[in-house]
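Here's a quick briefing to read with the structure open beside you.

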Amino acid sequence: MDLLVVRSSGGLVPPASLTPSGMLQLSVIDRLPVLRCNARTLHVFRHGPGAPQVIKEALAKALVPYYPLAGRLKESSHGELQIECRGEGVWFVEASADCTLDALNYFEDATPIIPFDKLLPHHPPQTQALDPLVLMQVTQFACDGFVIGLTFCHSICDGLGAAQFLRAVGELGRNVQHPSVEPVWQRDLLPPPQPGACHCAAELLPPSPPLPLPNYQLEHANIDIPFDQINQLKQKFHESTGQTCSAFEVIAATLWKRRTQAAIKSDKNTEVKLVFFVNCRQLVQPPLPEGYYGNCFFPVTVAASSETLWGASNADVVKMIQEAKAGLAIQFGKWIKGEAMRKHGNGNPDPFAPPLAYTTLFVSEWGRLGFNQVDYGWGPPVHFIPVQGSAVIPVAILGSVPPPKTGIRLMTWCVELPHLPPFLHQMANLKS
């Protein structure tokens, strides 16, 4: 895609007024090694003249109540991750593009050729020392529409927390006096580690050389599923079992089964896994308050032989997912206390580090996070686009179909090129 984007040099946006300084502790989930990465997204808005300046000013205001996001990651003398708060700010880049978003179809179904490198913020020069926790680029297009390219440190927020922050920026950009949700930092609300407790395999094992990366390459595909089809699948499950299921459960079951049929041979000795992530704010005792924006989720893993999945009905697979979810409260409770890893030692797999293999499918639901409710003064986004994090981790993200259509959009990087046609064929025939 030939797109000319002219960037400003970029600079730090500090909080608009004085904020507390000092060291802040992270929660036991925030500190997980697997979260020491950045989440990157694009947010496409149809209209917004002067958006870069409006958002920049609102960002500075939002960083007053959300002042930890203006800090920097540091390691304590014990190797624990902390936030050093000195009001340094987040990285902001203003940019302009030479065409209209309409000419690019608002980046609809064009993920493989979207020039992410032009729309995502570049990193600050090394003279700025440690990387900011949030990096943002606002690109204004000739039509007055704009695209926000966002890079967010996952150690600080999960998807719900990041969306909450962006909604606050939007409210302040609309001249609301205070964000409607008051941010809650208190990472000590999650139970602190018990003496002798451990929360990941890395705490139990000596350092080992990194495993070789798989040699396959995953292909992108967007799959839109209208709500009437989803409701038909849910109704079919109800007729078969007399029970109800959620849209997520029936879509995840359908995707896992059909991806297995398209990409993995039927074999009783080949184990396939489905891994999805569940918000656990209400499972903490007492439940975390509204406004908590740290990481608080837990992975649920469902495993079966590929032979079983090939032969299972969609209802059977939905029930497998529901049974795994039913044990979440117990599993999360044991993990948060460090009991599971301490009890089973090296023989207990780390739930946050499932095997990176073609036979493991990761599914994440983004449609309920709140990104589609962010409004800087010109209405919510047309849609948002997750940026592929790894070329070898099979992933599917559930989002919303861009209006005026309704339904769920599956944004997938989950099969190799030879398996893409049969996978798309399987997903196009959901009634069969």
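A residue is called buried under 20% relative accessible area, exposed over 50%, and partly exposed in between, using a 1.4 Å probe and protein chains only. Going by that, N175 is exposed, because its relative accessibility is 65%. Keep in mind that this is a predicted model, where local features need pLDDT of at least 70, side-chain atom pairs count only at pLDDT 80 or more, and totals for chains, interfaces and linings use all residues. Residues are numbered from 1 along each chain as its sequence is written, and side-chain values use heavy atoms, with hydrogens and water left out.

**The whole chain**

- You'll find 10 helices and 16 strands in the chain; helices (H or I, at least four residues) and strands (E, at least two) are DSSP runs, numbered from the N terminus.
- The radius of gyration is 22 Å, close to the 22 Å that the globule rule gives for 432 residues, so the chain is as compact as a globular protein of that length. That radius is taken over C-alpha atoms, and the globule rule is 2.2 Å times the number of residues to the power 0.38.
- Picture a box of roughly 60 × 60 × 40 Å along the principal axes: the C-alpha atoms of the chain fill it.
- Of the 432 residues, 52% are buried.
- Take contacts (heavy atoms within 4.5 Å) between residues at least 6 apart in sequence: 79% of them join residues at least 24 apart.

- Strands count as paired if DSSP finds at least two bridges between them.
- Axes are lines fitted to C-alpha atoms, for helices over the stretch in contact, and angles run from 0 to 180 degrees between N-to-C directions.
- Four bridges link strand 3 to strand 6, and the two run antiparallel; G22 stands opposite C85 in strand 6.
- Strand 5 and strand 6 (residues 81–85) also pair in the antiparallel sense over four bridges, and R72 has E84 in strand 6 as its bridge partner.
- Strand 5 and strand 6 make a hairpin with five residues between them, and G79 in the turn has a positive phi of about 80°.
- Is strand 6 mostly covered or mostly open? Strand 6 is mostly covered, with five of its five residues buried.
- In a regular strand, side chains alternate between the two faces of the sheet. In strand 6, L81, I83 and C85 point one way while Q82 and E84 point the other, and all are buried.

**Two helices that cross**

- Two packed helices are described by the angle between their axes and the distance between the axes.
- The axes of helix 4 (residues 227–241) and helix 7 (residues 314–326) come within 10 Å and cross at roughly 90°.
- Helix 4 and helix 7 are therefore roughly perpendicular to each other; under 35 degrees counts as roughly parallel, over 145 as roughly antiparallel, 65 to 115 as roughly perpendicular and the rest as oblique.
- On the helix 4 side, L233, F237, S240 and T241 meet N314, A315, V318, K319 and Q322 of helix 7.
- By class, that contact has four nonpolar, four polar and one charged residues. Ala, Val, Leu, Ile, Met, Phe, Trp, Tyr, Cys and Pro count as nonpolar, Asp, Glu, Lys and Arg as charged, and the others, Gly among them, as polar.

- F107 sits in the loop between strand 7 (90–97) and helix 2 (116–119). Phi of F107 is near 60°, a positive value in a residue other than glycine, and F107 counts as buried at 1% relative accessibility.
- Q285 and P286 are joined by a cis peptide bond, with omega about -5°; P286 is in the loop between strand 11 (271–279) and strand 12 (297–305).
- The peptide bond from P403 to P404 is cis as well, with omega near 10°.
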